[in-house]
Amino acid sequence: MSISAAFFAQAQDVSLIRNTLDVYSNSQIGGSAKFNAMGGSNGALGGDANALLTNPAGLGVAISGEVSGTLSIMSNKNTSNSAGSSFGYKVNNADLGNVGGVMTFQLMTESAWKFVNIGVNFSNQSLDNYIETPGNSNVIYDFDATNSSSLARHAYDRYGTLSKTSFGVGANYNHSLYIGMGLNFSNVSLDQSDTAAFQSLQNGSLDYFSKQNTPYFERSSGFSASLGVIGKLGRNFRLGGAIETPTFWDIDRSYNFYNDPQLGDDYAVENRRLTSPMKATVSAAFVANKNFSMNLDYTVGLTKPSYKEYGGAEMQLNDFFDENVKTLSEVKLGAEYRVKQFRLRGGYAYTSSPFDALTVSRFANNGDVADQSYNNMILSDRNALSFGLGYDFKSFYIDATYQNISSKFNNPFLYGEAGGGFEDGYYSPSRLISSSSFVVSDVKNVINNFYLTFGWKF
């Protein structure tokens, strides 16, 4: 597949595409230290409020009430390599990562229905992400016959939060079948910029440029629902299945625009509606005894992201997603071993790249322009490793987890053509950059997370 000029025209931006998949279609939002230590894998185990993040039937597994709170500390580092140079930048963030609780109601009847439980879960995740790429003196833009500049640097800068609040109910039928449902309310607060700096070949001065329709600001709310079931196969095996509807997002945006024939440089506001993918999860668990258990989850996307079409911009986005985006595929594996009151946990999660191979026109290191195909454009597959410890004080418990998430992807920028009835370049107060090709850097992303949970059982 090729990305044509029409794709990025009319206010389309690499950061907007990245956020559609990385933020609004995100399935990686974290839970408690225990949940994260097991790779986010609990679809057939359940037992606490984090079941609402995978399979709400897990609420029905609980036989006692519980409430917990989790401190989350994140370190997100991007190292961007281009033309033999690299820039590394780390963003650190600490926040309340998760709060959850389950209320159990034992049915004191002769019916096979043993428990009906209610759960509430709140998860919060930082979206802070900064990618700075060094310049290339061979990428030169001629403003006129006497003024030329070379690329000095480029940066994507995003900061904000993603939160998800879930309410659910789960039921226990004869300690062998569990069913549940959940309602999920998501919120995003996101600020994004896309800037480039060029250095004059005549006097060495720097000029800073912003991509058309950036910076932009988004305040969004979304809703989804989920249904799930868990069944026991004998004493040691469980199977689970869950489905989550698409998240229906209402996105309020404001953005800066430049060089408009009538309005010049100003800002505008708009509303967008996005439907993120529907997801299905199948799970299997092995519970050897009270001391050892393990769980495997497989999540697949059943649909693709889709914007409500108000005009050409949303049509181009939907066409791109239809042709170039793969359905979500994610595998999560986790295990727990208990030694008296100690808990030892480990987990692994793999998320596949959301894009097919993409071919673009790009600047080589020597400044030449040619087409090149990339398998990991914008985003790539991700690997997450985690391990954790816990100690149970009977009524109270404490858990700690370390998690490492890594990925490598190709980072495109600088594309944007001006003229021809639209403006989509990079703009400074006095100049503009119009480019029909990308600069593409290689980025290594490493996220180190630490979680600390305090809980009370009653």
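**Close-up views of a predicted model**

View 1. The model is predicted, so local features need pLDDT of at least 70 and side-chain atom pairs pLDDT 80 or more, while totals for chains, interfaces and linings use all residues. Residues are numbered from 1 along each chain as its sequence is written, and side-chain values use heavy atoms, without hydrogens and water. The lining holds 50 residues. Lys-34, Gly-46, Val-61, Arg-238 and Arg-338 lie nearest the pocket centre. The volume is about 1,400 Å³. A pocket is an open set of points on a 1 Å grid over the protein atoms alone where a 1.4 Å probe fits, with protein on both sides within 12 Å along at least five of seven lines; lining residues have an atom within 4 Å of a point. Grid points are joined across faces, edges and corners, and the volume is the space filled by probe spheres set on them.

**View 2. Asn-129 sits in strand β4 (residues 129–144).** Strands (E, at least two residues) and helices (H or I, at least four) are DSSP runs, numbered from the N terminus. Asn-129 has 13% relative accessibility, so Asn-129 counts as buried. Buried means under 20% relative accessible area, exposed over 50%, and partly exposed in between (1.4 Å probe, protein chains only). The side chains of Asn-129 and Asn-78 make a polar contact at 2.7 Å. Such a contact is a pair of N or O atoms within 3.5 Å; within protein, one must be able to donate a hydrogen and the other to accept it, and residues adjacent in sequence count only if both atoms are side-chain atoms. Beyond four places in sequence, Asn-129 is in contact (heavy atoms within 4.5 Å) with residues including Tyr-156, Asp-157, Arg-158 and Asn-445.

**View 3. Gly-119 belongs to strand β3 (residues 113–126).** Gly-119 is buried, with a relative accessible area of 1%. Leaving out residues up to four places away in sequence, Gly-119 touches Leu-52, Leu-59, Gly-101, Val-102, Ser-166, Phe-167 and Gly-168. Thr-104 is 15 residues from Gly-119 in sequence; their C-alpha atoms are 8.7 Å apart.

**View 4. Arg-273 and Asp-250 form a salt bridge.** Side chains of opposite charge can pair when their charged atoms come close. A salt bridge is a side-chain nitrogen of Lys or Arg within 4 Å of a carboxyl oxygen of Asp or Glu. The count comes to 16 salt bridges. In this one, the closest N and O atoms are 3.4 Å apart. Arg-273 lies in strand β11 (residues 264–275) and Asp-250 in strand β10 (residues 248–260), so the bridge ties together parts 23 residues apart in sequence. Arg-273 is partly exposed at 39%. Asp-250 is partly exposed at 28%.

**View 5. Glu-314 meets Arg-272 in a salt bridge of 3.1 Å, N to O.** Glu-314 is in helix α4 (residues 312–324) and Arg-272 in strand β11, 42 residues apart. Both Glu-314 and Arg-272 are buried.

**View 6. Asp-399 pairs with Arg-345 in a salt bridge, with the closest N and O atoms 3.1 Å apart.** Asp-399 lies in strand β20 (residues 396–413) and Arg-345 in strand β16 (residues 342–351), so parts 54 residues apart in sequence are tied together. Asp-399 is buried at 5%, and Arg-345 is buried at 8%.
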